[in-house]
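Look at the fold below before reading on.

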Amino acid sequence: MSEPRQNPIERITDAVCDVLAEQGVTALSMRNVAARADATIGLITHHFPNRAAMVKAAVRASWLRDQAVVVWPETADRAAVLRAVKFFLPLDAVRRRQLSVWIGYWALTQHDAGLHEIHDEVYAALRGHHLHWIRALGFPPEEAERLADRLCVSLDGLLLYALLYPGHWTPERQLEAARGMIDDVFARAPRQGQVG
């Protein structure tokens, strides 16, 4: 008995990620996705009326998988914060591929408000997680907001440069930079005696 085939929506969304990661945004067409998913264009348009809907579903599925795996700390635990951040760093081939998908997606969001919705959700979630542990350090609300914004921007920059310059941004250097960003926040904490 042969193994059951993956459901069509998963095949299509996985194929979208494959094309984005391996060929880039310019190759992302229904025809290329259909070929990669071993599907017809008719099957794709049955589930997704256009390229934007197909991309939106793929990125949402990817984000939901990430959310199910990464564990954000409930308290200001330095090691737990670093573990959560480390999950997103392109330290290996799997995470580099995943980040390639996100970079392609970010490029597409510039011209499609519907696609920007998912980016808004992701950014709000990541910022919210950082805000949670930063507030637990005792920062006043306005300062906590500013630090969370700065950390999000800095980490996004690290992700981008780590993907573009892997020879320079080795896993060790990525971890050192991420650790430094997190340590800077902890070093300024009003309640330094209460955190680890």
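The buried residues of H2 are covered by, among others, H1, helix H3 (41–47) and H4. Contact here means heavy atoms within 4.5 Å. Helices (H or I, at least four residues) and strands (E, at least two) are DSSP runs, numbered from the N terminus. This is a predicted model: local features need pLDDT of at least 70, side-chain atom pairs count only at pLDDT 80 or more, and totals for chains, interfaces and linings use all residues. Residues are numbered from 1 along each chain as its sequence is written, and side-chain values use heavy atoms, with hydrogens and water left out.

Which residues of H2 are buried? They are Met 30, Val 33, Ala 34 and Ala 37. Buried means under 20% relative accessible area, exposed over 50%, partly exposed in between (1.4 Å probe, protein chains only). These four residues cover an arc of only 100° around the axis, so they sit on the same side of H2. The arc is that of the directions from the helix axis to the C-beta atoms. An α-helix has 3.6 residues a turn, so residues three or four places apart point the same way. The face of H2 turned away from its buried side carries exposed Arg 31 and Ala 35. Asp 38 follows H2, with a positive phi near 55°.

Together with Trp 133, Val 33 has the most contacts inside the largest nonpolar core, which has 59 residues. Such a core is a set of buried Ala, Val, Leu, Ile, Met, Phe, Trp, Tyr and Cys residues joined through side-chain atoms within 4.5 Å. Leaving aside neighbours within four places in sequence, Trp 133 contacts Thr 75, Ala 76, Val 81, Leu 151, Ile 182, Val 185 and Phe 186.

Is Trp 72 buried or exposed? Trp 72 counts as buried because its relative accessibility is 12%. Not counting residues up to four places away in sequence, Trp 72 touches Ala 84, Val 85, Phe 88, Leu 126, His 129 and His 130. Trp 72 and His 129 are 57 residues apart along the chain, yet their C-alpha atoms are separated by 6.7 Å.

Now step back to the chain. It has nine helices and zero strands. Buried residues make up 39% of its 196 residues. Among contacts between residues at least 6 apart in sequence, 63% join residues at least 24 apart. The C-alpha atoms fill a box of roughly 60 × 40 × 35 Å, taken along the principal axes.
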